[in-house]
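Student: I have a model open on my screen and would like to learn how to read its features. Could you take me through some of them?

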Amino acid sequence: MATEMLNADPEGIDGVRMTWNVWPRTKVEASKCVIPIAASISPIRSHPDIPALPYAPLRCKTCVAVLNPFCHVDFTAKIWTCPFCFQRNHFPPQYAAISESNVPAELYSQYTTIQYSLPNSMVAASDGGGAAAALPPPPVYVFVLDTCMIEEEMGFVKSALKRAIGLLPDNALIGFISYGTQVHVHELGFSELSKVYIFRGSKEISKDQVLDQLGLGIAGRRAGPAAAGYLKGPVQNGFPNSGVNRFLLPASDCEYTLNSLLDELQADQWPVPPGNRALRCTGVALSVAAGLLGACLPGTGARIIALVGGPCTEGPGTIVSKDLSEPARSHKDLDKDAAPYFQKAVKFYENLSKQLVNQGHVLDLFASALDQVGVAEMKVAVERTGGLVVLAESFGHSVFKDSFRRLFEEGEQSLGLCFNGTLEINCSKDIKIQGIIGPCTSLEKKGPAVADTVIGQGSTTAWKMCSVDKNACLTVYFDISSSERSNPPGTINPQLYLQFLTSYQNPDGQLLLRVTTVSRRWIDTIVSSEELVQGFDQETAAVVMARLCSHKMELEEGFDATRWLDRNLIRLCSKFGDYRKDDPTTFTLNPCFSLFPQFMFNLRRSQFVQVFNNSPDETAYFRMLLNRESISNAAVMIQPSLISYSFNSPPSPALLDVASIAADRILLLDTYFSVVIFHGMTIAQWRNMGYQNDPQHQLFAQLLQAPHDDAQVIIRERFPVPRLVVCDQHGSQARFLLAKLNPSATYTNANEMAAGSDVIFTDDVSLQVFFEHLQRLAVQS
């Protein structure tokens with residue numbers, strides 16, 4: 001039973017999974033392991049066994065690590081020794097009663113992850129805000145709506161917005177900005193009639209200019225009623241009376257105003273000459289939104305929710321010219337440096353992300369259009385602020401509507417969105433941190449644990465996560481710094497320790513600190529390679545390699561991803577396979593590695609590596625989700641799951657192979673981004689004849705319904721909501737399934753096939769051929 005539980009939740013209470021669960025002692029040995037030493041962490045994942053303590057943690061006076069079950073405690077002298085820096089610390093007076101039979105929760109061996117609630121007065125004191133700041137400021141949502149759309153799309157997006165505003169908590173503050181050729185900031189506090197501040201869409205605008213024009217600048221504040229001192233003035237809605245509450249109002253006060261404003265809002269009236277794109281100034285609109293939020297109190301959790309319906313063609317952040325004869329940039333253009341707007345737009349969004357991270361605010365992007373809208377350029381601002389991203393074809397599509405609703409839902413369906421997160425990592429001597437791939441920003445906090453090489457957000461031991469949710473996941477890449485000489489064997493601790501400290505503000509404004517301390521064993525690989533092998537996590541390794549490969553594809557010019565993956569796989573099989581030199585028939589792979597080559601085969605074919613036929617926007621979207629989702633979700637993106645339904649057996653997993661298709665079967669494919677229900681030929685014919693409506697054929701009706709029920713379970717659990725495709729064998733939409741299957745039957749060997757199955761018209765190699773080549777290359781001397 002225990003093993004079943006373990007398999008059900010491989011991350012356990014800590015939410016940590018590592019590529020290697022036993023670590024090689026030296027840098028040289030680590031490089032021989034081929035797969036980098038990395039940990040995937042889910043900083044605030046919920047788990048029923050995590051205890052919540054109502055007091056502040058006890059910290060080591062030298063390295064600031066938090067008291068944990070791995071500390072050595074001397075109960076008579078009331079001293080604890082920190083496992084990271086070996087500093088001896090005295091317990092404070094409130095721990096006077098501890099003894100071997102009476103230990104505080106943070107020393108229980110099973111509580112390697114623990115949550116502390118920090119009193120908000122601690123935050124107030126550090127902000128210098130006095131008693132006023134002791135009440136947490138309510139969360140802020142600024143909706144930025146693109147109005148360059150056809151009436152039908154405007155209708156869809158307005159109704160989604162109205163639903164969302166109804167779901168927000170009453171105290172949440174709402175701001176509203178609409179934009180087309182110009183940016184309109186709506187003063188919601190002026191309810192007598194609609195009052196709008198207009199910004200020109202063609203020129204870049206700084207935060208101070210935004211605040212001055214809205215009357216929120218220093219000059220505007222002095223003249224206002226709060227002249228007695230900016231922060232000491234009366235506090236309203238958790239904000240000083242600085243005038244920002246003209247634009248940001250509690251949901252309960254402005255729901256009516258906003259609904260009537262949306263009813264009257266029209267599509268952008270600026271004329272669009274034939275053969276031209278609409279003038280759309282997305283960059284300026286987001287700058288203005290970030291500037292407006294700059295007037296909030298520090299420590300306020302705020303989200304800019306951008307609803308974008310097309311490419312930016314005006315002002316900073318432009319991705320394509322106004323002329324429709326010029327297409328938006330493709331991957332080929334980016335490779336050949338033939339995308340004139342790309343670098344400039346990325347630079348603009350990089351600067352915007354710095355401003356948002358300094359303010360602690362988030363950019364969420366909901367893009368719905370048939371053309372590209374610039375997700376590839378905005379990626380940096382969304383990812384570094386921890387924002388969410390959803391890409392759909394229309395605002396009327398369920399992918400957008402259901403995902404947008406999930407953002408505001410509470411209860412079971414809630415995403416658990418939290419604000420103002422900071423992650424710090426402590427690690428044992430000889431472990432260095434190269435960096436993190438995932439939704440966060442480096443705080444450039446130097447220390448002895450910083451590695452020389454950087455992967456992702458590096459050169460630091462602390463990161464900012466402006467937004468973090470219960471599903472968010474980060475990948476930390478480590479480096480071993482010790483050499484043989486620095487530690488003679490026998491003198492050193494066989495255990496290594498890592499501590500992850502995540503402080504964040506939950507949706508109610510409560511400040512929490514999650515502390516996870518994990519321990520693993522060092523081994524001398526010369527002695528015990530077997531233990532190293534047993535500690536390998538194939539699924540995590542596949543995802544870590546996929547994230548690293550995507551990262552290199554974005555950064556390194558001319559990087560050949562397929563060759564890089566192949567070379568690493570061959571090295572891994574040469575090192576850990578059992579074989580006689582130059583004899584491929586003798587090659588066997590330990591079960592701890594046996595699934596890994598298949599993951600690599602599917603990764604090579606996936607949309608992360610084969611960018612042909614995807615736009616740069618789609619590729620950026622896929623990569624952002626790959627980098628932020630849990631290991632099990634990311635593994636499904638790389639290697640989709642397939643379930644088969646038939647009369648003669650209960651639903652069961654099927655091989656991701658074209659041979660799994662049969663005329664009398666229904667297949668359910670989950671690729672994370674879409675869920676496909678595929679009916680075999682015979683099943684489709686029976687369904688078209690209406691057999692399922694005949695009481696004699698109840699079993700058939702149940703068989704038809706079962707995959708739909710299972711698909712709904714998947715869709716309900718997931719964000720962004722996947723696209724549901726229902727198709728039949730030989731139908732045009734069957735391509736969604738065929739593209740993901742191993743082409744074991746192609747037009748070259750179609751004569752060997754079973755009746756009722758299918759062929760894939762491709763020149764791609766099959767898994768079988770891939771394995772044969774791998775064996776041949778791995779055993780070469």
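Predicted model: local features only at pLDDT ≥ 70, side-chain atom pairs only at ≥ 80, totals over all residues.

Student: Let's begin with the rings. What describes a pair of aromatic rings?

Tutor: Two things do: the distance of the centres and the angle of the planes. In this structure the count comes to 33 aromatic pairs. Take Phe404 and Phe408: their ring centres are 5.2 Å apart and their planes stand at 80°, so this pair is edge-to-face.

Student: Where do Phe404 and Phe408 lie?

Tutor: Both belong to helix H13, residues 398-408, where they are four residues apart, about one turn of the helix. Phe404 counts as buried, at 2% relative accessibility, and Phe408 counts as buried at 5%.

Student: And which pair would you show me as a tilted one?

Tutor: Look at Phe601 and Phe770, with 5.3 Å from centre to centre and 50° between the planes. Phe601 is in helix H17 (residues 596-605) and Phe770 is in helix H23 (residues 767-778), so the pair ties together parts that are 169 residues apart in sequence. Both Phe601 and Phe770 are buried.

Student: Which residues do ring pairs link into a cluster?

Tutor: Tyr141, Phe143, Phe366, Phe395, Phe400, Phe404 and Phe408 are linked in this way.

Student: Where does a charged end sit over a ring?

Tutor: One case is Lys195, whose charged end sits over the ring of Phe190 at 4.7 Å from the ring centre. Another is Lys575, with its charged end over the ring of Phe576, 5.3 Å from the centre.

Student: Now for helix packing. At what angle do H20 and H21 pack, and how far apart are their axes?

Tutor: For helix H20 (residues 681-688) and helix H21 (residues 698-717), the angle is about 115° and the axes are 12 Å apart. H20 passes H21 in a left-handed crossing. To see who meets whom, find Ile683, Trp686 and Arg687 in H20, which meet Phe700, Leu703 and Leu704 in H21. The residues of this contact of H20 with H21 divide into five nonpolar, no polar and one charged.

Student: Is the crossing of H15 and H16 left-handed or right-handed?

Tutor: The crossing of H15 and H16 is right-handed. Helix H15 covers residues 538-555 and helix H16 covers residues 561-576; their axes come within 10 Å and cross at roughly 145°. H15 brings Met545, Leu548, Cys549, Lys552 and Met553 to the contact, and H16 brings Ala561, Trp564, Leu565 and Asn568. The residues of this contact of H15 with H16 divide into seven nonpolar, one polar and one charged.

Student: How many residues of helix H19 are buried?

Tutor: Six of the eight residues in H19 (residues 631-638) are, and the helix is mostly covered. The buried ones are Ile631, Ala634, Ala635, Val636, Met637 and Ile638.

Student: Last, the backbone. What should I know about phi and peptide bonds?

Tutor: Most residues other than glycine have a negative phi, and most peptide bonds are trans. Asn613 has a positive phi, near 80°, and is a residue other than glycine. Asn613 lies in the loop between H17 and helix H18 (616-628), and counts as exposed at 69% relative accessibility. Tyr672 also has a positive phi, about 80°, and lies in the loop between strand S30 (666-670) and strand S31 (674-679). Tyr672 is buried, with a relative accessible area of 1%.

Student: Which peptide bond is cis?

Tutor: Look at the bond from Phe719 to Pro720, which is cis with omega near -10°. Pro720 has its place in the loop between H21 and strand S32 (723-728).

Conventions: Residues numbered from 1 in each chain as written. Heavy atoms only, no water. Phe/Tyr/Trp six-rings, centres within 6.5 Å; stacked < 30°, edge-to-face > 60°. Helix = DSSP H or I, 4+ residues; strand = E, 2+ residues; numbered from the N terminus. Buried < 20%, exposed > 50% of the residue type's maximum accessible area, 1.4 Å probe, protein only. Lys NZ or Arg CZ within 6 Å of the ring centre and 35° of its normal. Axes fitted to C-alpha atoms, helices over the stretch in contact; angles between N-to-C directions. Left-handed = near helix turned anticlockwise from the far one by under 90°. Contact = heavy atoms within 4.5 Å. Nonpolar A, V, L, I, M, F, W, Y, C, P; charged D, E, K, R; others polar.
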